[in-house]
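Q: I have a new structure to look at. Can you walk me through it?

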Amino acid sequence: VISLFAEFIANDRPLLVKYDGHYYMPVIRSYPETAFGGMFETEAVYRDPAVKEMITKSHGWILWPPIRFSYDTPNKTPPMAFPVKPTWMLTEEDCKRAVEQGFHPCNDDLEWNWLGTDDQGRDVIARVIYGFRLSVLFGLVLTLFSSLIGVAAGAVQGYFGGWIDLLFQRFIEIWTSIPQLYLLIIV
């Protein structure tokens with residue numbers, strides 16, 4: 001149930017923005033950068049420091065989801081080369097070595113990756129949440145359609161009986177004994 005609300009848990013768009021006395025919900029609707037005093041008509045990138053500054057200059061604020069990454073958002077300020085281990089596991093030695101190599105320092109500006117990042121800098125926990133939702137919904141839809149087909153086949157067999165019932169049963173036995181055909185039809 002929690003994964004159904006993945007956009008409110010893990011997203012690179014804020015849940016709520018207050019700018020110039022008005023409230024905006026970027027998680028639900030897209031707003032152009034010009035809505036926040038920018039110069040471009042393209043969708044605002046709220047992680048951009050310039051957009052953040054425009055919002056805070058107007059005495060506004062941004063309410064972020066707990067995880068500030070979507071499934072495809074790369075971490076632009078990593079503390080080390082990808083893949084990165086979880087941020088809470090970084091030691092002082094890791095941070096010193098990262099700064100020496102030219103990476104982002106481990107300070108308050110460091111973006112948290114609770115389970116680390118993959119080899120392309122995408123947040124692992126955000127990908128797990130979105131992937132879990134996709135898998136569970138696929139399983140539920142597959143179960144629903146399989147049940148509908150099974151009930152319809154059973155109803156036809158029960159209503160007509162006799163040879164129809166016998167032919168349906170043999171067809172179903174053959175069908176389920178060939179896994180490749182079963183998978184091809186389902187997928």
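What follows is a short chat about the fold and the aromatic rings.

Q: What am I looking at, and how many helices and strands does the protein chain have?
A: This is a predicted model. The protein chain has 6 helices and 3 strands, and along the sequence they run α-β-β-α-β-α-α-α-α.

Q: Is the protein chain a compact globule or more spread out?
A: More spread out, because its radius of gyration is 25 Å, well over the 16 Å that the globule rule gives for 187 residues. The C-alpha trace spans about 80 × 45 × 25 Å along the principal axes.

Q: And how much of the protein chain counts as buried?
A: Of the 187 residues, 32% do.

Q: Switching to rings. How many aromatic pairs are there?
A: The count is 8 aromatic pairs. In one of them, Tyr71 and Tyr130, the ring centres are 5.1 Å apart and the planes are at 55 degrees, so the pair is tilted.

Q: Where do Tyr71 and Tyr130 lie?
A: Tyr71 is in the loop between strand E3 (61-63) and helix H3 (92-100), while Tyr130 is in helix H4 (residues 124-160), so the pair ties together parts 59 residues apart in sequence.

Q: Tyr130, buried or exposed?
A: Tyr130 is buried, at a relative accessible area of 10%. Tyr71 counts as partly exposed, at 40% relative accessibility.

Q: What about Tyr159 and Phe160?
A: They make an edge-to-face pair, with 5.0 Å between centres and 85 degrees between planes. Both Tyr159 and Phe160 are exposed.

Q: Which residues form an aromatic cluster?
A: Tyr19, Tyr24, Tyr31, Phe36 and Tyr46 form one.

Q: What lies over the face of Phe69?
A: Arg47, at 4.5 Å from the ring centre.

Technical notes:
Residues numbered from 1 in each chain as written. Predicted model: local features only at pLDDT ≥ 70, side-chain atom pairs only at ≥ 80, totals over all residues. Heavy atoms only, no water. Phe/Tyr/Trp six-rings, centres within 6.5 Å; stacked < 30°, edge-to-face > 60°. Helix = DSSP H or I, 4+ residues; strand = E, 2+ residues; numbered from the N terminus. Buried < 20%, exposed > 50% of the residue type's maximum accessible area, 1.4 Å probe, protein only. Lys NZ or Arg CZ within 6 Å of the ring centre and 35° of its normal. Rg over C-alpha atoms; globule rule 2.2 N^0.38 Å.
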